[in-house]
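Please read them with the structure open beside you.

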Amino acid sequence: AQVLEVRAVRAEQISQGVGLSYSVSLKMVRVKAFELRSKTSKELLKELDEMKAELAQLRVAKVSGGAASKLAKIKIQETARAKLLRAQLFLPHPLRRWFASRPTSSGPKPPRSC
């Protein structure tokens with residue numbers, strides 16, 4: 001009988017929108033690599049700063065005994081941050097063309113004999 005009462009109360013809370021966090025579930029979307037490649041360096045840095053701040057909040061929630069849903073989001077945030085850093089690594093760099101045009105060696109290698 002108590003279980004039915006609890007379910008009825010919970011159903012009423014859900015119908016009123018109490019206890020639901022839609023903003024959190026919509027905010028945590030996995031990052032797609034092809035979307036990151038189309039962004040500029042400044043956009044990536046801005047997004048990286050936002051991710052760092054959010055990850056810090058999640059880690060604080062972990063230490064203070066936060067909900068299990070927040071603990072699961074730490075892994076998602078860490079992988080998204082790693083993807084972002086990886087995409088930033090492969091952005092065209094102005095010096096890369098200059099180093100590519102330079103010769104790789106100054107001549108043939110000397111013999112390895114003693």
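Predicted model: local features only at pLDDT ≥ 70, side-chain atom pairs only at ≥ 80, totals over all residues.

1. Helix α4, residues 41–63, has 23 residues and reaches 33 Å from its first C-alpha to its last, which is close to the 33 Å expected at 1.5 Å a residue. Just after α4, Gly65 takes a positive phi of about 80 degrees.

2. Helix α5, residues 68–89, can be checked in the same manner. Its 22 residues should span 32 Å at 1.5 Å a residue, and since the end C-alpha atoms are 33 Å apart, the span agrees with that expectation.

3. In α5 the buried residues are Lys73, Ile74, Ile76, Gln77, Ala80, Leu84 and Ala87.

4. Which residues make up the largest nonpolar core? There are nine of them, namely Val31, Leu36, Leu44, Leu48, Met51, Ala80, Leu84, Ala87 and Leu91. The elements that give two or more residues to this core are α4 and α5. For one of its members, Val31, the contacts beyond neighbours within four places in sequence are with Leu36, Met51, Ala80 and Lys83.

5. Glu47, which lies in helix α4, deserves a separate look. Its relative accessible area is 17%, and because buried means under 20%, Glu47 counts as buried. When neighbours within four places in sequence are left aside, Glu47 is in contact with Leu36, Lys39 and Leu84, and two of these contact partners, Leu36 and Leu84, are also listed in the largest nonpolar core. With Lys39, the side chain of Glu47 meets in a salt bridge, at 2.6 Å from N to O. Lys39 itself counts as partly exposed, at 26% relative accessibility, whereas Glu47 is buried.

6. The count of salt bridges comes to two, and the other pair to consider is Glu78 with Arg59, whose closest N and O atoms are 2.9 Å apart. Glu78 lies in helix α5 and Arg59 in helix α4, so this pair ties together parts that are 19 residues apart in sequence. Both ends are partly exposed, Glu78 at 34% relative accessibility and Arg59 with a relative accessible area of 43%.

7. Ala72 is placed in helix α5, and at 48% relative accessibility it counts as partly exposed. Ala72 and Lys62 are 10 residues apart in sequence, and their C-alpha atoms are 9.8 Å apart in space.

8. On the surface, Leu95, Trp98 and Phe99 form a nonpolar patch, which together has about 340 Å² of accessible area. Phe99 lies in helix α6, residues 94–101, and with a relative accessible area of 47% it is partly exposed.

9. For the chain as a whole, there are six helices and zero strands, and from the N terminus on the elements run α-α-α-α-α-α. How much of the chain counts as buried? The figure is 17% of its 114 residues. The protein chain exposes about 9900 Å², of which carbon and sulfur atoms supply 59%. Among contacts between residues at least 6 apart in sequence, 56% join residues at least 24 apart.

Terms used:
Residues numbered from 1 in each chain as written. Heavy atoms only, no water. Patch = residues over 30% accessible without salt bridge, like charges linked within 9 Å, V, L, I, M, F, W, Y side chains within 5 Å. Areas by Shrake-Rupley, 256 points an atom, 1.4 Å probe, with all protein chains shown as cover. Salt bridge = Lys/Arg side-chain N within 4 Å of Asp/Glu carboxyl O. Helix = DSSP H or I, 4+ residues; strand = E, 2+ residues; numbered from the N terminus. Buried < 20%, exposed > 50% of the residue type's maximum accessible area, 1.4 Å probe, protein only. Contact = heavy atoms within 4.5 Å. Expected span 1.5 Å × (residues − 1). Core = buried A, V, L, I, M, F, W, Y, C linked by side-chain atoms within 4.5 Å.
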